[in-house]
Amino acid sequence: MSSQPIKIGMLGGTFDPVHHGHLRSALEVREALGLDRLHMIPAPKPPLRGAPQVSAEQRLALLKAGIGDTPGLYADDRELRREGPSYSIDTLAQLRAEYGEQARLVMVIGFDAFLRLHQWHRASDLFSLAHLVVMARPGYQMPWTNELRELVGQREVEGVDSLMQRPNGGLLTLSLPSMMAISATYIRQRLREGKSIHYLLPNAVEEAIRKNGFYQHFSQHDE
């Protein structure tokens with residue numbers, strides 16, 4: 001009797017700090033795709049972004065506090081343990097090796113990141129390891145560049161069932177019902193100004209930020 005292939009997701013980000021927008025999106029993606037586990041992976045210093053405001057280990061601790069005991073969400077520190085730049089292709093290769101060739105492996109990214117996909121390291125190889133699921137706000141449209149169209153080719157599928165027919169190689173745009181317009185930039189700004197961040201992120205994350213004095217003073221460098 002054959003069992004269903006395991007379904008694994010990867011959601012990277014700076015999580016600087018993690019907030020309800022990140023966590024609710026992660027939960028809704030996991031439900032929509034029927035994932036057994038969604039790895040939420042903080043990046044140490046993302047190649048296409050500036051240095052985060054607090055250390056990578058501190059952001060990981062905040063992510064763990066935010067996830068708490070939520071089933072199926074997992075704070076994964078593998079990119080923090082890796083030397084050099086953190087590239088998604090390397091993380092996908094690790095996950096593929098861990099879960100096997102038949103696992104349904106999905107990389108989840110936001111729409112803004114998707115529009116820059118052709119700039120990513122070894123972008124053309126991503127589909128050989130995983131599916132790509134793009135989180136979009138309902139009704140949010142943005143034209144694709146020619147480079148992006150060329151990269152994606154004929155990989156788009158209509159729904160989750162079609163995507164999960166194979167271990168990798170598909171592209172699905174997923175509209176999430178609760179896409180929250182919360183930004184980590186806004187949270188950091190409010191903290192620097194001494195204003196309330198209540199209800200923007202989980203209580204456990206807010207308490208840890210207050211206790212440790214994170215983001216209270218503007219810093220250009222990652223400790």
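**Salt bridges in a predicted protein model**

**View 1. A network of salt bridges links Asp76, Arg78 and Glu98.** The model shown here is predicted. Asp76 is located in the loop between β3 and α3. With a relative accessibility of 2%, Asp76 counts as buried. Beyond its neighbours within four places in sequence, Asp76 is in contact with His39, Met40, Ile41, Pro42 and Leu60.

**View 2. Arg78 and Glu98 form a salt bridge.** The closest N and O atoms of this pair are 2.6 Å apart. Arg78 belongs to the loop between β3 and α3 (88–99), whereas Glu98 belongs to helix α3, so the pair ties together parts that are 20 residues apart in sequence. The two partners may also be described by their accessibility. Arg78 has a relative accessibility of 8% and counts as buried. Glu98, at 48%, counts as partly exposed. Both residues also belong to the network that includes Asp76.

**View 3. Arg81 pairs with Asp77 in a salt bridge.** Between the closest N and O atoms of Arg81 and Asp77 the distance is 2.9 Å. Arg81 is exposed, its relative accessible area being 58%. Asp77 counts as partly exposed, with a relative accessibility of 26%. Side chains of opposite charge can pair when their charged atoms come close.

**View 4. A salt bridge joins the side chains of Asp125 and Arg122.** The N to O distance in this pair is 3.0 Å. Asp125 has a relative accessible area of 28% and is partly exposed. Arg122 likewise counts as partly exposed, at 43% relative accessibility. The structure as a whole holds eight salt bridges, among them the bridge between Asp125 and Arg122.

**View 5. Residues 219–223 form a stretch in which pLDDT stays under 50.** For residues 219–223, the model has 13 contacts beyond four places in sequence.

Definitions and conventions: Residues are numbered from 1 along each chain as its sequence is written. This is a predicted model: local features need pLDDT of at least 70, side-chain atom pairs count only at pLDDT 80 or more; totals for chains, interfaces and linings use all residues. Side-chain values use heavy atoms; hydrogens and water are left out. pLDDT is the predictor's confidence in each residue, from 0 to 100. Contact means heavy atoms within 4.5 Å. A salt bridge is a side-chain nitrogen of Lys or Arg within 4 Å of a carboxyl oxygen of Asp or Glu. Buried means under 20% relative accessible area, exposed over 50%, partly exposed in between (1.4 Å probe, protein chains only). Helices (H or I, at least four residues) and strands (E, at least two) are DSSP runs, numbered from the N terminus.
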